[in-house]
Amino acid sequence: MLPRKRAADDGEVVIETDTETTTTNNNNNNNNNAAASSFKKHRLDNCIIAADAATESTAKNGDNGARIGGNSDQTNSRVVESSPSIMALGDANHTEIDEDLHSRQLAVYGRETMRRLFASNILVSGMQGLGAEIAKNLILAGVKSVTLHDEGLVDLWDLSSNFVFSESDVGKNRAFASVQKLQELNNAVIISTLTTKLTKEKLSDFQAVVFTDISFEKAIEFNDYCHNHQPPISFIKAEVRGLFGSIFCDFGPEFTVIDVDGEDPHTGIIASISNDNPALVSCVDDERLEFQDGDLVVFSEVHGMTELNDGKPRKIKSARPYSFTLEEDTSNFGMYIKGGIVTQVKQPKVLNFKPFREALKDPGDFLLSDFSKFDRPPLLHLAFQALDKFVSDLGRFPVAGSEEDANKLISIAGNINESLGDGRVEDVNLKLLRHFAFGSRAVLNPMAAMFGGIVGQEVVKACSGKFHPLFQFFYFDSVESLPTEPLDPSDFRPLNSRYDAQISVFGSKLQEKLEDAKVFIVGSGALGCEFLKNIALMGVSCGEQGKLTITDDDVIEKSNLSRQFLFRDWNIRQAKSTVAASAAASINPRLNIEALQNRVGPETENVFDDTFWENLTVVVNALDNVNARLYVDQRCLYFQKPLLESGTLGAKCNTQMVIPHLTENYGASRDPPEKQAPMCTVHSFPHNIDHCLTWARSEFEGLLEKTPAEVNAFLSSPVEYKTAQRNAGDAQARDNLERVLECLEKEKCETFQDCITWARLRFEDYFVNRVKQLIYTFPEDAATSTGAPFWSAPKRFPRPLQFSAADPSHLQFVMAASILRAETFGIPIPDFVKHPKMLAEAVEKVIVPDFEPLKDAKIVTDEKATTLSTASVDDAAVINELIFKLELCMENLPQGFKMKPIQFEKDDDTNYHMDFIAGLANMRARNYSIPEVDKLKAKFIAGRIIPAIATSTAMATGLVCLELYKALDGGHKLEDYRNTFANLALPLFSMAEPVPPKVIKHGDMSWTVWDRWILRDNPTLRELIKWLKDKGLNAYSISYGSCLLYNSMFPRHRERMDKKVLDLAREVAKAELPPNRRHLDVVVACEDDEDNDIDIPQISIYFS
C-alpha cells in the first residue's frame, strides 16, 4: 500500500489561483455551445422562414435585407451597426475561443489573431460562386459578422459555381438565397443581407470589404472612400472570368503587418562567441540555423560575455548553417565561457498601399504564380480593363464563341494599350484575349474555390495583421485546362442546364466526359469535403455512365467543423463519408455517389478489387498520411490511372499530378524523414520544450495505457503470459513484469487518497529524485572522457524542484495525475479534488520518503541507444522471481479485477489528458530552465496536431480541379499540367510542369515505372525465363511476395522449370488468390549478357 501522512494540526494551506475560474468559464462556454447546438436547427428554420418570406417582397419592392446568426433570433431590415470605436484591426477582447472547435486554426493563427477575427465585420458584395466561397471561408474562420450584398437574382447559370444555390432558388435574390446554408457553417457568426444599391457611406460599418462583381468606375469610388477613411477600410476587388482571375488589395496608406510569415522565431544554441569586430558566433551542430543576413537577434543565458544578455536586438550578417557574424565589436566584452541561446526578433512591417485609381495606371510589380508566364500579368491587367470597358459600353459580357465580340474586346484592349505610351504591352497575345472574351461571363467552380481561398486569407490579414498581404495585383490563368481539340462556336451554345457556364468555356463534349467519369475520392476530411463540393458543381459523375466512390473510415469530431464544411454539429460521431456524400448530393441531386467506410489498403483489396480499379477514370487523394498516399500511388501505377494528389499544412498547400506515362509517380520522390531526438536527450538531457513534451507523452502512454493493458494481459491469461515472458527472457520481459508487479502491489490504489499519494510521489520521483540522481552521477563540473565539460551545449544543467501545495502548477499536476490514476483503477472521483484548498489538505497527508542517490546508477548518454533497458546475465533468474511474486500478489486481488487502460485523446479538454501531459512537460522544463508552454501549445506539440485552415484547403482543391479538366479530357501533354506549391502567408505561388518518369533503356527497348509486362496463358517457369531471354535479359531470381520461386544458384530449383508459375506460387509461397483474381504478379531480377543488373517492370502472369 502507498504510505499516508496524518492531517496537519497547524492550520490550513491557502492557495490563491485563478485556474479554477478559467476552467469553469471554459466549461460554461462549452455548455452554452452545446445548448445552442441543440436549439440551432429550430432557430434557423424560424429565421429562414422569415428570410424566405422577405425574398418575394425584396425582389419586388427592394427591401433592405435580413440578419440571422450570432445571438439574435430575429430577422432585421438592416445590417448591424458597427461600434464607432472599432479599430481597423478588430478589438481583440471579443469573446472566449472554443478551442475544441478551432484547435487546428489556432495552431496557425494563435489566440490574438483569432480574437481580432472574432471582432471583425466583413462585407462580401457579389454572391455568385466567388462571393459564396469567400463568405464560406470567413464564416468558418469565425469572424464577428459577414454581410452579403447582391442586387441580382439567382439564375441557372449560377449553379455552375455556387454551392449554396439549388434549382429551387432560381429567381430569388442571391444574398437571401445564400443565408440559410452559410449560417449553418457557424452559428456564432452574424450573417446579414443587403439587397439594394450600396452606398459608400455604408462601408464604414466594416473593417474589410470585398467586391467580386463591380465596375472599375464604382470600384474607384468605393476604394477612394475606404482608402481615405479613418481608420482605413481594407478594400479587396476580386474577379473570376472563365479560366482567368484577378485580385487587387488596398489596406490603406499605412498598414502594419504584425507577423510577415507566421513562422515561430528561429533559435540557435551557442557554442562559442569570439572577442572580435565583428564577432563570430558559432552554434552547436544539433540543427541548422535558419537566420538570414539582416535579421535581428537577442541573446540570453550567455555565461562570461554577459554584456550580450541585455535584451537589445542586434543585427547579423554572413549567416551560415551553423554560424553568423554580429555587427558589433565584442573586443572589450567579457570572455565567453559557456551556454547561451540566440533568438530571432521578428519585426513588424509597414506597407504603403496605393488606391485603385493610381494602381491601375502604375501597378508596380505583379505577384507571379507561373514563371513560364512571366509576361502574362501585364497582358491580363490590360484584358480586365478592356472587359470592363466592353461591359460598360454594351451592358453585357461577350458571348461565348462570338468572334465579333472577341474582336470588339481585342480592339478595346488595343486602344487602351496604345494610350499607355511607354508602359504599353509590346506583345499582345490575341489568341489569349480571344479565350478570355469567350469565357468572360462564366464563373467556374474550381476558379472560385481557388480564388475564394486566396481572398479569404487576404481578409484575415486585413483584420489581424497576421501574414503579409498581397501587394497589390495578382493575375492568374489556366488556359491549359481548355480541351486540346479545337472547338466549334456551336459547342459553347447553352443547353439550358446547370452546367451552361462551364459549357461556355469548355464546350459540351468535355461536359459529357465529366458527367460519365468514374471517380474515386480517398478521404472525406477537409480536402474531401471541398473536392465533393467542386465535383458536384462541375457535374463530374453526374451522367448515366458516371459514378463517384468516396471512402473514409473516420467519424466526425467537433474539431472538424471549422474547415470540413459539409459537416454540422448534429453530425458529430457519424461516418464522415456518409454525411459528406449526402451533403454533396444535396448540392447536385444528379450526382451518382456511393459512400464507403473502408480504409484503403492491402486488407481491403477484396472491396477495392481489380475490377474496381480497372473501371476507374481518375483517382483523387484527400488523405492525411504518407503511407496511405503511397499505397494509393502504387495502385494507380499498377492499373495506370491518373492520380491527383494534394496536401495542406497551415497556410501552405501543394498539388501533384500523377499522369500515366507522362509524369513520375508520387512515391518517386520522398521528403527526408523528420529528425528524431536521441532517446537519451529526451529522457535525461532535454534542451527544448519539444523534448519535454515527447517525454511527457511517452510517460502518459506507459503509465496509463501500456501498463494497465499489460496488467490485464497477465490477469486474463496468467499461464500464457508467464510462459511468454519466460520464453522472451530479456530486459523487455523483465521490465514488463516489474511494471505489472509495481502496479498490483507497491503502487496499487484502492481509494482516491491512494491515487493522490501516487500522484504526489510521482512528482517527487520525476522532478526531484531523478534530477538529484542525475546531478550526483554527473555533477556540474563533470568532464567527458576527452576532458571536455560534460554539461556543454546543447546539454542544460538541471535543478530539482521543491514541491509546494501553494504553487498552482504543482497542485494541477497532482489533480490531473490522481484523477487519471483513479480512472485506471475504476475508483470514483470525489468533487473535492477540483477544489485547491481541499486537495492541498489531502496532499499534505502524503509521506514523502527521503532520497539517497545511488553510487552505481547507470544513466544512458549514448545518442545512438534505442532503449533505456540494459540486459543482464541475471535476467532469467529475476524474471522467475518476479513471476513468483506476481503469483502471490494475484491471490490478494478481488475476483474479476481488471484495470482500465486510457488511450490518449487530445481533443477532449475535460478528460485531463492534456492537463497531465502539459503538467509533466512544464515541470520538467522548469527542472532544466526551459521556457514553459500553455496547455494549448502543449496540445499542438504532444498531440501532433497538423495546423489547418479552410483557405489553403479551398485553394488546393480548386487547383486540383483545374487539373481534373485536363485529366478527364485526356489529350493533354506533360507541359500542360501543373504541380503547385503555395504559401498564402507570404503570399507565394509556385507552379511548374511535373517531372517526367525516369526512362530505363535496354537494347532497342525502353520502359518507365508505369509499364507492366504481361504474359498470358499461364506459362511455365521455363517459358517465362525464355520469354525474357528473347529480350536479351537473363533472369536469375523470381519471387512472389516475399517468397523465392526460383534462383539460378540453387540446383534444386531447376527441378521446377516445367511447373506452371501459378502452381509454384501456390505450392511454394502458399499463395491464396481471391476467386475473382485472374493473374498474379512476380518480381524478376535480371542481368544483361555483360552481367549488369537491369531493373525491369513488374511481370503479371495471367491464367484462365
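The accessible surface of the protein, worked out by the Shrake-Rupley method with a 1.4 Å probe, comes to about 48100 Å², and 49% of this area belongs to carbon and sulfur atoms. The structure is a predicted model, in which local features need pLDDT of at least 70 and side-chain atom pairs count only at pLDDT 80 or more, while totals for chains, interfaces and linings use all residues. Residues are numbered from 1 along each chain as its sequence is written, and side-chain values use heavy atoms, with hydrogens and water left out.

Turning to the overall fold, the C-alpha atoms fill a box of roughly 95 × 90 × 70 Å along the principal axes. The radius of gyration, taken over C-alpha atoms, is compared here with a globule rule of 2.2 Å times the number of residues to the power 0.38. For 1104 residues, that rule puts a compact globule near 32 Å, and the protein agrees, with 34 Å. Its secondary structure comes to 29 helices and 32 strands; helices (H or I, at least four residues) and strands (E, at least two) are DSSP runs, numbered from the N terminus. Of the 1104 residues, 55% are buried, where buried means under 20% relative accessible area, exposed means over 50%, and partly exposed lies in between (1.4 Å probe, protein chains only). A contact means heavy atoms within 4.5 Å. Among contacts between residues at least 6 apart in sequence, 73% join residues at least 24 apart.

Charges come next. Lys and Arg count as positive and Asp and Glu as negative, with His and the chain ends not counted; each charge is placed at NZ of Lys, CZ of Arg, CG of Asp or CD of Glu. The mean positions of the 119 positive and 158 negative charges are 2 Å apart. Side chains of opposite charge can pair when their charged atoms come close. In a salt bridge, a side-chain nitrogen of Lys or Arg is within 4 Å of a carboxyl oxygen of Asp or Glu, and the count by this rule is 67.

A few of these pairs are worth a visit. D310 and R314 form a salt bridge with their closest N and O atoms 2.9 Å apart; D310 is partly exposed because its relative accessibility is 47%, whereas R314, at 4%, is buried. In the salt bridge between D765 and R770, the closest N and O atoms are 3.2 Å apart. Here D765 is partly exposed at 24%, and R770 is partly exposed at 37%. E881 and K885 meet at 3.6 Å, N to O, and both sit in helix α24 (residues 875-890), four residues apart, or about one turn of the helix. E881 has a relative accessible area of 45% and so is partly exposed, while K885 is partly exposed at 35%. Elsewhere, salt bridges that share partners join D370, K373, R376, D477, E480 and R978 into one network.

R924, in helix α25 (residues 913-927), gives another picture: R924 is buried yet has no salt bridge, and the nearest side chain of opposite charge, E699, is 7.7 Å away. Leaving aside residues up to four places away in sequence, R924 touches V682, H683, S684, P686, C692, W695 and F767.

Finally, L296 lies in strand β11 (residues 296-300). Its contacts, again without residues up to four places away in sequence, include R314, P313 and V345. L296 and L243 are 53 residues apart in sequence and 43 Å apart in space, C-alpha to C-alpha.
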